[in-house]
Amino acid sequence: MSIHRLGVRVALGFLLVVVVQSLSAGEVQRCAVDDMGKELCIPAPAHRIVTLSPGATELMFAAGAGDKVVAVVNYSDYPPEALKLPLVGSHTRVDMEALLALRPDLVITWVTGNPPAQMELIDELGIPAFAIEPRTFEGVSSVIERLATLAGTEHEGLAEAERFRVGIAALSEQYRNAEPIPVFYQVWEQPLMTINNDHLIGKVLQLCGGVNVFGDMPRLVPRISSEVVLQADPHAILTGSVEGVSDGQLDMWKQYSELTAVKKNNLFFVPASPISRPTPRLLEATRIVCDYLDSARER
Amino acid sequence: MSRLRSRDLVINVPGRSDGYSLNLTIEPGQTWGVLGPNGAGKTTLLHTLAGLLPARRGEVVLDDTPLKDLKRRDIARQMGLVFQERQDSFPATVMETALIGRHPWLSPWVSEQCEDQTLAEQALEALDVEHLSDRLLTTLSGGERQRVAIATLMTQNPGIWLLDEPTNHLDLHHQVKVMNLLQAQARSGKAVFMCLHDLNLAARWCSHVLLLYTNGDACWGPADSMLVPSALEKLYNQKLITVEADGAPIFVPVRPGPTP
Amino acid sequence: MIRPLLSLGFLTFVAVVLALGLGSVTVPLPEIWQVMQGEGSALNRALLLDLRLPRTLAALATGGLLAVAGALMQVLLRNPLADPYVLGLSGGAAVGALLAMLAGMGTILISGSAFAGAMLATLLVFGLAHGTGSWTPSRLLLTGVVVAAGWGAVITLMLAITPSYKLPGMLYWLMGDVSYARAPWPALAVLVLSVVLIMPLARNLNVLARGPLQAAALGVSVRPLEWTIYLLASLLTATAVTTAGSIGFVGLIVPHMLRLVLGNDQRIILPASALAGGTLLVLADTLARTVIAPEQLPVGVITALLGVPTFLYLLHRSR
């Protein structure tokens, strides 16, 4: 049994316990534990939800509760329906008045993306808040399930969570014995930044049989010099870009013809928001990364 | 009525040996003129007497108390000083400047009253600057500002007046006016002590004179005993001709030129 | 003498009412009145009492604190370009606060650490400028500017080594914002107390503005007074910074504008700075939260946009 399967069991068992508990209390109360470890119980399924990060918007739609979202923050561009929703500012600066006036019964916050002061204020105002930030594949499925629980859309939510779980598991199985290939993932060009193995993108690389040349760096998003990239000599260089087409972000590497990745023309562009947001679209992005690494192995 | 004394005072002029120590007594009613070449330490002496600079040796005594044992506020009620150089980083009007003189007399919570205003107006009038009272200091000429500074001291109304070159920038008429005013103040019981660079003003208006030499030597006494050509020629390193007019000596520098 | 203060007080009142009335959600005046009387709908009550009132009062206090701190610094250094931001006090407070955030401390410790940072900046600038005994305003200003640049570098370094998940909180704080200010009362109390306590010294400050020698000759104990001002200005700055992060230029523009209109009597300038600084920040914050609502601007951006041209104009005119 793979690690993911085990995760499924644990998550489902947990969910069961939560629901049973709340039923025994004699109320139609819905409870879930957020990614900060705090349990939130709401008396009825949330139907006026505000999401305070683009990822949270996407996950809410994935959980089947898109029609219960009443407002979002800037850059909530997926799914396209989200673009029509009213805004309450950006994830770093939320218009608290607009938020309050919407009388939300659930606000989905972003553990490390929203300033702590903002989350404290939401708590003080007595608005039910649920902080999320999936850092693993299983975390994505689990958060969809928990959001579905809170919104009362378990039917669609659990199915979508399972689709993602199964999809990732299948890819994981497919690439379990893939030939390891040294990879460099460029998060940003100037300053040059990458990710380590703890980052979800790092996990994507590993799943596809890639060996992140900076996987052991202590920081989640290390800032590095181009010299160490040359020294590491990755066989493939990946970066995120809008629509996954070249936008010149990797051109700087072309001057180093001795780099294996350049020699073999293994400079790849992955659609940026699917790879960087912990949402079901990560499955598609992972497929793309795996395909790229496959073609890199062949060259 | 205040009396200012210096006991074995050696002023701190950097790089100069101690020289002669000063034992001055400046009594009410006296008008002192300090004469000396540039760099002799006239301003340093004035600031030391006012307690603004530490002495190298000796002490300054106000009535019977050493200056260092007195609070600045108490000193300021008895002794005031007109500086040669003035700072004005912020705009201020002539009236505001004169009223500043009341500062040592007012308690922290009290603001200037009518009588303070009247004192300031009288002082400005005495120095012919009352018509400028709403003007900004920065818009005045050098001579007008000098007169405002003296008016400020007059508003402060201490027993001892220290002035650093009070006739600087003044035209002849106002030089005379200021010197007359200082003499009148002395006659009314103040002690006036000023640095001068014009020998003849000292000769005409001062009752006492202090000669300050570049090497730190000094001598002092009643004006007529001090203002003798030999001493003054040595002081300024300049040959002088003495003439007498209107009952006072007048010193004129000898013009260098072809000897007959 | 009282009249300009009364007019400013009225302006402040108008600004506060405006700030309470304006926002992403419009609350009409009658309903504001209802809420003030303890009635009104739950939403209006939450909007006004939980969001706008604390925020407006925080802006009022912060603006007042910074303006008074600026006015004090300017007299101290006899230089209209002095300001807690320019002199590195804000920088020191910011470094203190960021260090506490980096260490994962709570709100109260962050405030304490910011205060310690402002004090350290004070001692550093004063100590270094004091140095060998000569202590001229230009030397002090220059020391302050250099130390401020140093704080800037330390801040950049800290941001570079900060785990990315802590960045939003730190950046938000650095930009200066009253959006989430919750407890304006300590800041307001510090402001009112400081102004009341400094008033007996105000005439001393007038005299000090004429230069330290002239001040001493007029009976001012110059050195103790200078230390008192510097410490008080640090306290005011640290309180402002812990309330609303690092907001620049209020301390520069407000006293300067007031001097242009009211002259340079600190007995008027200091309380007027408290009122006008508060009013300015209340209005700037109202602008910041409404101008492109629902997008929110940090109020520090608005004050800097006003402050930078003013500063340059001052520099240009002073030479």
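**Contacts between chains and domains**

The model is predicted, so local features need pLDDT of at least 70 and side-chain atom pairs count only at pLDDT 80 or more, while totals for chains, interfaces and linings use all residues. Residues are numbered from 1 along each chain as its sequence is written, and chains are lettered from A and ligands numbered from 1 in the order in which they are written.

Chain A and chain B are joined by no contact. Their closest C-alpha atoms lie 41 Å apart.

Chain C does touch chain B. Here 21 residues of chain C are in contact with 21 residues of chain B. On the chain C side, α9 (202-208) and α10 (212-217) each supply at least two residues. Helices (H or I, at least four residues) and strands (E, at least two) are DSSP runs, numbered from the N terminus. The largest share of this side, 4 residues, comes from α10(C). By class, this side of chain C holds 9 nonpolar, 7 polar and 5 charged residues. Ala, Val, Leu, Ile, Met, Phe, Trp, Tyr, Cys and Pro count as nonpolar, Asp, Glu, Lys and Arg as charged, and the others, Gly among them, as polar.

Chain A is assigned domain 1 (3-170) and domain 2 (178-298), with bounds from an automatic or database domain assignment. Their centres, taken over C-alpha atoms, are separated by 30 Å. In chain A, 16 residues of domain 1 are in contact with 10 residues of domain 2. On the domain 1 side, α2(A) gives the most, with 5 residues.

Notes
Two residues are in contact if their C-beta atoms, placed from the backbone, lie within 7 Å.
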